[in-house]
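I am opening a notebook on a structure that is new to me. I will take the sheet to begin with, then the charged pairs, then the rings.

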Amino acid sequence: MRYFLGLDGGGTKTHLKMLSETGEIIAESFGGGSNIVSLSERRVAENLNGLISDALNRAGIGKSDCAGLCIGSAGVRQEFVKRRLHEILSGILPDCPVTIVSDAVPVLYGGFQDGAGVAVISGTGSVCLSRGKDGNIHCVGGYGHILGDEGSGYGVALHMIKAVLSEYDGRGERTLLTSLLTEKLRCGVPTGILNFVYAKETGKAEIAALSPLCDEACACGDSAAMKILADAAHALYTMYRAGAERANLTEEQRKRCLLTGGEGTHSRYLRAAFERALTANVQGARLIKAEYDAATACCMLAQSAVCRNGEK
(Lines give C-alpha, C1' and ligand atoms only; values in the text may rest on other atoms or scores of the structure.)
Protein backbone atom coordinates (compact mmCIF):
# COMPACT_ATOMS: atom_id res chain seq x y z
CA MET A 1 0.00 0.00 0.00
CA ARG A 2 1.27 3.48 -0.89
CA TYR A 3 0.49 6.66 1.00
CA PHE A 4 0.39 10.36 0.15
CA LEU A 5 1.11 13.19 2.57
CA GLY A 6 -0.61 16.57 2.39
CA LEU A 7 0.59 19.54 4.44
CA ASP A 8 -1.22 22.83 4.85
CA GLY A 9 1.71 24.99 5.90
CA GLY A 10 1.02 28.26 7.71
CA GLY A 11 3.07 30.73 9.66
CA THR A 12 1.63 29.60 13.00
CA LYS A 13 0.75 25.94 12.45
CA THR A 14 0.98 23.13 9.91
CA HIS A 15 -1.85 20.66 9.34
CA LEU A 16 -0.92 17.23 7.96
CA LYS A 17 -3.10 14.47 6.58
CA MET A 18 -2.13 11.10 5.12
CA LEU A 19 -4.12 9.53 2.30
CA SER A 20 -3.94 5.88 1.25
CA GLU A 21 -3.94 5.05 -2.46
CA THR A 22 -7.52 3.82 -2.01
CA GLY A 23 -8.59 7.32 -0.88
CA GLU A 24 -8.83 6.79 2.88
CA ILE A 25 -7.47 9.38 5.33
CA ILE A 26 -5.46 7.25 7.76
CA ALA A 27 -3.59 9.86 9.82
CA GLU A 28 -3.85 13.50 10.86
CA SER A 29 -1.41 15.63 12.83
CA PHE A 30 -0.83 19.26 13.73
CA GLY A 31 2.52 20.93 14.30
CA GLY A 32 4.31 24.27 14.37
CA GLY A 33 4.57 26.72 11.49
CA SER A 34 6.41 25.97 8.24
CA ASN A 35 6.68 29.37 6.57
CA ILE A 36 10.37 30.11 5.97
CA VAL A 37 9.56 33.77 5.35
CA SER A 38 8.38 34.31 8.93
CA LEU A 39 10.32 31.55 10.74
CA SER A 40 13.96 30.44 10.71
CA GLU A 41 14.88 27.53 8.44
CA ARG A 42 16.07 25.56 11.46
CA ARG A 43 12.74 25.98 13.21
CA VAL A 44 10.79 25.04 10.08
CA ALA A 45 12.94 21.92 9.63
CA GLU A 46 12.39 20.90 13.25
CA ASN A 47 8.63 21.50 13.01
CA LEU A 48 8.24 19.51 9.78
CA ASN A 49 10.46 16.65 10.90
CA GLY A 50 8.52 16.29 14.15
CA LEU A 51 5.16 16.52 12.39
CA ILE A 52 5.96 13.97 9.69
CA SER A 53 7.61 11.55 12.12
CA ASP A 54 4.59 11.76 14.41
CA ALA A 55 2.21 11.02 11.52
CA LEU A 56 4.23 8.02 10.35
CA ASN A 57 4.36 6.64 13.89
CA ARG A 58 0.61 7.11 14.32
CA ALA A 59 -0.06 5.29 11.05
CA GLY A 60 2.50 2.58 11.77
CA ILE A 61 4.26 2.95 8.41
CA GLY A 62 7.80 3.71 7.30
CA LYS A 63 9.27 6.47 5.16
CA SER A 64 9.61 4.11 2.21
CA ASP A 65 5.82 3.73 2.10
CA CYS A 66 5.37 7.41 1.25
CA ALA A 67 4.71 7.70 -2.49
CA GLY A 68 4.29 11.46 -2.66
CA LEU A 69 4.07 14.65 -0.62
CA CYS A 70 2.57 18.03 -1.38
CA ILE A 71 2.82 21.11 0.80
CA GLY A 72 0.90 24.34 0.30
CA SER A 73 2.92 27.13 1.86
CA ALA A 74 2.99 30.92 1.90
CA GLY A 75 5.96 32.67 0.38
CA VAL A 76 6.83 30.06 -2.24
CA ARG A 77 6.44 32.57 -5.04
CA GLN A 78 10.01 33.43 -4.07
CA GLU A 79 12.18 30.80 -5.73
CA PHE A 80 14.75 30.60 -2.93
CA VAL A 81 11.97 29.87 -0.42
CA LYS A 82 10.63 27.07 -2.61
CA ARG A 83 14.11 25.63 -3.07
CA ARG A 84 14.95 25.63 0.64
CA LEU A 85 11.61 24.09 1.57
CA HIS A 86 12.17 21.36 -1.01
CA GLU A 87 15.62 20.66 0.46
CA ILE A 88 14.18 20.39 3.98
CA LEU A 89 11.42 17.98 2.95
CA SER A 90 13.70 15.90 0.75
CA GLY A 91 16.02 15.57 3.72
CA ILE A 92 13.19 14.21 5.84
CA LEU A 93 11.79 11.87 3.12
CA PRO A 94 14.70 11.26 0.71
CA ASP A 95 12.87 8.88 -1.64
CA CYS A 96 9.51 10.66 -1.72
CA PRO A 97 8.56 12.97 -4.62
CA VAL A 98 7.87 16.46 -3.23
CA THR A 99 5.45 18.96 -4.74
CA ILE A 100 5.41 22.55 -3.46
CA VAL A 101 2.61 24.97 -4.26
CA SER A 102 1.32 28.28 -2.94
CA ASP A 103 -0.87 27.84 0.13
CA ALA A 104 -3.80 29.16 -1.88
CA VAL A 105 -3.67 26.44 -4.56
CA PRO A 106 -5.06 23.68 -2.31
CA VAL A 107 -7.62 26.13 -0.95
CA LEU A 108 -8.91 26.78 -4.48
CA TYR A 109 -8.75 23.08 -5.30
CA GLY A 110 -10.66 22.12 -2.17
CA GLY A 111 -13.23 24.85 -2.61
CA PHE A 112 -13.94 24.88 -6.31
CA GLN A 113 -12.24 21.76 -7.72
CA ASP A 114 -11.75 22.62 -11.40
CA GLY A 115 -14.27 25.45 -11.40
CA ALA A 116 -13.96 29.20 -11.19
CA GLY A 117 -14.13 31.20 -7.97
CA VAL A 118 -12.42 33.41 -5.41
CA ALA A 119 -10.71 32.26 -2.21
CA VAL A 120 -9.70 34.82 0.41
CA ILE A 121 -7.21 33.51 2.95
CA SER A 122 -6.88 35.33 6.26
CA GLY A 123 -4.48 33.43 8.48
CA THR A 124 -1.27 34.63 10.05
CA GLY A 125 -0.91 36.53 6.76
CA SER A 126 -3.41 37.23 3.99
CA VAL A 127 -3.78 36.63 0.26
CA CYS A 128 -6.56 36.30 -2.30
CA LEU A 129 -6.53 33.72 -5.09
CA SER A 130 -8.97 33.57 -7.95
CA ARG A 131 -9.39 31.24 -10.89
CA GLY A 132 -11.27 31.95 -14.11
CA LYS A 133 -12.81 29.61 -16.66
CA ASP A 134 -9.43 29.40 -18.44
CA GLY A 135 -7.96 27.69 -15.36
CA ASN A 136 -5.34 30.38 -14.70
CA ILE A 137 -4.79 31.35 -11.06
CA HIS A 138 -4.50 35.03 -10.15
CA CYS A 139 -3.00 36.35 -6.91
CA VAL A 140 -3.86 39.54 -5.04
CA GLY A 141 -1.78 40.47 -2.01
CA GLY A 142 0.44 37.91 -0.33
CA TYR A 143 3.31 40.39 0.06
CA GLY A 144 4.20 39.53 3.65
CA HIS A 145 3.87 41.43 6.90
CA ILE A 146 6.07 44.37 5.90
CA LEU A 147 4.35 45.20 2.61
CA GLY A 148 0.95 43.60 3.03
CA ASP A 149 -1.03 41.10 5.13
CA GLU A 150 -4.02 43.42 5.39
CA GLY A 151 -6.93 41.76 7.16
CA SER A 152 -4.78 38.95 8.53
CA GLY A 153 -4.28 37.79 12.09
CA TYR A 154 -1.00 39.68 12.11
CA GLY A 155 -2.66 42.81 10.71
CA VAL A 156 -5.46 42.69 13.27
CA ALA A 157 -3.03 42.17 16.16
CA LEU A 158 -0.74 44.96 14.98
CA HIS A 159 -3.61 47.47 14.81
CA MET A 160 -4.77 46.25 18.20
CA ILE A 161 -1.35 46.95 19.72
CA LYS A 162 -1.29 50.38 18.08
CA ALA A 163 -4.73 51.15 19.53
CA VAL A 164 -3.45 50.33 23.02
CA LEU A 165 -0.41 52.57 22.60
CA SER A 166 -2.59 55.35 21.19
CA GLU A 167 -4.83 55.19 24.26
CA TYR A 168 -1.76 55.39 26.50
CA ASP A 169 -0.53 58.48 24.65
CA GLY A 170 -3.91 60.16 24.77
CA ARG A 171 -4.18 60.03 20.97
CA GLY A 172 -6.85 57.36 20.86
CA GLU A 173 -10.06 56.31 22.53
CA ARG A 174 -10.31 54.23 25.66
CA THR A 175 -10.40 50.54 24.84
CA LEU A 176 -10.83 47.24 26.60
CA LEU A 177 -7.96 46.00 24.45
CA THR A 178 -5.52 47.57 26.89
CA SER A 179 -6.49 45.41 29.84
CA LEU A 180 -6.85 42.29 27.66
CA LEU A 181 -3.41 42.77 26.11
CA THR A 182 -1.55 43.61 29.31
CA GLU A 183 -3.17 40.66 31.06
CA LYS A 184 -2.26 38.32 28.21
CA LEU A 185 1.36 39.50 28.06
CA ARG A 186 1.57 40.07 31.81
CA CYS A 187 3.19 43.42 31.27
CA GLY A 188 2.57 47.15 31.48
CA VAL A 189 2.13 49.91 28.91
CA PRO A 190 4.18 50.93 27.05
CA THR A 191 7.48 49.36 28.14
CA GLY A 192 6.29 45.77 28.48
CA ILE A 193 4.51 45.84 25.14
CA LEU A 194 7.52 47.34 23.38
CA ASN A 195 9.79 44.74 24.95
CA PHE A 196 7.52 41.98 23.65
CA VAL A 197 7.12 43.35 20.12
CA TYR A 198 10.81 44.09 19.60
CA ALA A 199 12.18 41.02 21.35
CA LYS A 200 14.43 38.87 19.18
CA GLU A 201 12.22 35.81 19.68
CA THR A 202 9.02 37.64 18.72
CA GLY A 203 8.05 37.14 15.11
CA LYS A 204 5.04 37.51 12.89
CA ALA A 205 3.42 34.36 14.29
CA GLU A 206 3.77 35.45 17.93
CA ILE A 207 2.14 38.79 17.19
CA ALA A 208 -0.64 37.22 15.09
CA ALA A 209 -1.46 34.86 17.99
CA LEU A 210 -2.79 37.88 19.91
CA SER A 211 -5.58 38.57 17.39
CA PRO A 212 -8.33 36.60 19.26
CA LEU A 213 -8.24 39.33 21.91
CA CYS A 214 -9.93 41.61 19.39
CA ASP A 215 -12.93 39.28 19.21
CA GLU A 216 -13.07 39.19 23.00
CA ALA A 217 -13.24 42.97 23.09
CA CYS A 218 -15.88 43.04 20.33
CA ALA A 219 -18.04 40.66 22.36
CA CYS A 220 -18.06 43.33 25.08
CA GLY A 221 -19.01 46.06 22.62
CA ASP A 222 -15.59 47.75 22.45
CA SER A 223 -15.74 50.30 19.62
CA ALA A 224 -11.98 50.34 18.94
CA ALA A 225 -11.93 46.56 18.48
CA MET A 226 -15.02 46.66 16.27
CA LYS A 227 -13.39 49.26 14.02
CA ILE A 228 -10.22 47.18 13.72
CA LEU A 229 -12.14 44.13 12.54
CA ALA A 230 -14.42 46.19 10.29
CA ASP A 231 -11.35 47.71 8.62
CA ALA A 232 -9.78 44.26 8.29
CA ALA A 233 -12.95 42.92 6.68
CA HIS A 234 -13.02 45.83 4.23
CA ALA A 235 -9.39 45.16 3.27
CA LEU A 236 -10.24 41.52 2.58
CA TYR A 237 -13.29 42.53 0.55
CA THR A 238 -11.18 44.80 -1.68
CA MET A 239 -8.85 41.84 -2.26
CA TYR A 240 -11.85 39.69 -3.21
CA ARG A 241 -13.09 42.38 -5.61
CA ALA A 242 -9.68 42.71 -7.28
CA GLY A 243 -9.34 38.92 -7.53
CA ALA A 244 -12.74 38.58 -9.19
CA GLU A 245 -11.81 41.29 -11.70
CA ARG A 246 -8.45 39.74 -12.54
CA ALA A 247 -10.03 36.35 -13.20
CA ASN A 248 -12.75 38.02 -15.31
CA LEU A 249 -15.43 36.15 -13.40
CA THR A 250 -19.03 36.32 -14.48
CA GLU A 251 -21.71 37.77 -12.23
CA GLU A 252 -22.79 34.26 -11.28
CA GLN A 253 -19.24 33.09 -10.51
CA ARG A 254 -18.66 36.07 -8.21
CA LYS A 255 -21.48 34.94 -5.97
CA ARG A 256 -19.42 32.06 -4.54
CA CYS A 257 -16.62 33.12 -2.22
CA LEU A 258 -14.46 31.08 0.13
CA LEU A 259 -13.11 32.81 3.25
CA THR A 260 -10.62 30.63 5.07
CA GLY A 261 -7.44 30.66 7.15
CA GLY A 262 -7.25 30.77 10.94
CA GLU A 263 -8.43 34.36 11.28
CA GLY A 264 -11.04 34.11 8.54
CA THR A 265 -12.45 30.92 10.02
CA HIS A 266 -12.33 31.60 13.75
CA SER A 267 -12.90 35.35 14.07
CA ARG A 268 -16.69 35.53 14.24
CA TYR A 269 -16.77 39.32 13.99
CA LEU A 270 -14.33 39.52 11.07
CA ARG A 271 -16.24 36.85 9.18
CA ALA A 272 -19.57 38.56 9.78
CA ALA A 273 -18.20 41.96 8.69
CA PHE A 274 -16.70 40.45 5.54
CA GLU A 275 -19.97 38.73 4.67
CA ARG A 276 -21.86 41.99 5.14
CA ALA A 277 -19.49 43.79 2.76
CA LEU A 278 -19.75 40.96 0.23
CA THR A 279 -23.54 40.69 0.22
CA ALA A 280 -23.98 44.48 0.17
CA ASN A 281 -21.95 44.77 -3.03
CA VAL A 282 -22.63 41.50 -4.86
CA GLN A 283 -26.30 40.61 -5.16
CA GLY A 284 -26.95 37.00 -4.23
CA ALA A 285 -23.38 36.43 -2.99
CA ARG A 286 -22.67 33.91 -0.23
CA LEU A 287 -19.77 32.41 1.65
CA ILE A 288 -19.31 28.76 0.76
CA LYS A 289 -17.66 25.88 2.58
CA ALA A 290 -14.84 23.98 0.93
CA GLU A 291 -15.54 20.37 -0.03
CA TYR A 292 -12.04 19.45 1.14
CA ASP A 293 -9.76 21.21 3.60
CA ALA A 294 -6.34 22.34 2.40
CA ALA A 295 -4.44 19.39 3.91
CA THR A 296 -6.73 16.86 2.20
CA ALA A 297 -6.48 18.79 -1.06
CA CYS A 298 -2.67 18.60 -0.78
CA CYS A 299 -2.91 14.80 -0.40
CA MET A 300 -4.93 14.69 -3.62
CA LEU A 301 -2.48 17.01 -5.38
CA ALA A 302 0.44 14.79 -4.30
CA GLN A 303 -1.30 11.73 -5.71
CA SER A 304 -2.17 13.59 -8.89
CA ALA A 305 1.45 14.73 -9.36
CA VAL A 306 2.69 11.13 -9.06
CA CYS A 307 0.14 9.95 -11.61
CA ARG A 308 1.05 12.81 -13.94
CA ASN A 309 4.70 11.82 -13.80
CA GLY A 310 3.79 8.30 -14.86
CA GLU A 311 4.63 6.56 -11.60
CA LYS A 312 2.49 3.50 -10.87
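Before reading the sheet I noted the rule that two strands pair if DSSP finds at least two bridges between them. Helices (H or I, at least four residues) and strands (E, at least two) are DSSP runs, numbered from the N terminus. The model is predicted, so I kept in mind that local features need pLDDT of at least 70 and side-chain atom pairs count only at pLDDT 80 or more, while totals for chains, interfaces and linings use all residues. Residues are numbered from 1 along each chain as its sequence is written, and side-chain values use heavy atoms, with hydrogens and water left out.

**Sheet**

I looked up the strand order and found an open sheet of five strands, E3-E2-E1-E4-E5, with mixed pairing. Its edge strands are E3 (25-32) and E5 (98-102), each of which pairs on one side only. From one strand to the next the twist averages 15 degrees; for angles, axes are lines fitted to C-alpha atoms, for helices over the stretch in contact, and values run from 0 to 180 degrees between N-to-C directions.

I then followed E1 (residues 3-9) and E2 (residues 13-20), which run antiparallel and are joined by seven bridges. In this pairing Gly9 stands opposite Thr14 in E2.

Helix H2 (residues 79-92) lies across strand E4 (66-73) and E5, and runs at about 145 degrees to E5. Helix H3 (residues 104-112) also packs on the sheet, where it touches E4 and E5 and its direction makes about 85 degrees with that of E5.

**Charged pairs**

How many salt bridges does the structure hold? I found twelve, a salt bridge being a side-chain nitrogen of Lys or Arg within 4 Å of a carboxyl oxygen of Asp or Glu.

One of them joins the side chains of Arg58 and Asp54 at 2.7 Å, N to O. The two are four residues apart in helix H1, and therefore separated by about one helical turn. For accessibility I used these classes: buried is under 20% relative accessible area, exposed over 50%, and partly exposed in between (1.4 Å probe, protein chains only). Arg58 is exposed at 58%, whereas Asp54 is partly exposed at 30%.

Asp149 forms another salt bridge, with Lys204, and its closest N and O atoms are 2.7 Å apart. This pair links distant parts of the chain, as Asp149 sits in the loop between helix H4 (144-147) and helix H5 (153-169) and Lys204 in helix H8 (residues 204-208), 55 residues apart. Asp149 counts as buried at 4% relative accessibility, and Lys204 counts as buried at 10%.

I also noted Arg254 and Glu245, whose side chains meet in a salt bridge of 2.9 Å, N to O. Arg254 counts as buried, at 19%. Salt bridges that share partners join Glu41, Arg84 and Glu87 into one network.

Glu41 lies in helix H1 (residues 41-59) and is partly exposed, with a relative accessible area of 31%. Leaving out residues up to four places away in sequence, Glu41 touches Ile36, Arg84 and Ile88.

**Rings**

I found one aromatic pair. The ring centres of Tyr237 and Tyr240 are 5.7 Å apart and the planes stand at 35 degrees, so the pair is tilted; rings of Phe, Tyr and Trp (its six-membered ring) pair if their centres lie within 6.5 Å, and planes under 30 degrees apart count as stacked, over 60 as edge-to-face and the rest as tilted. Both tyrosines lie in helix H10 (residues 223-246), three residues apart, about one turn of the helix, and both Tyr237 and Tyr240 are buried.

Terms used
Contact means heavy atoms within 4.5 Å.
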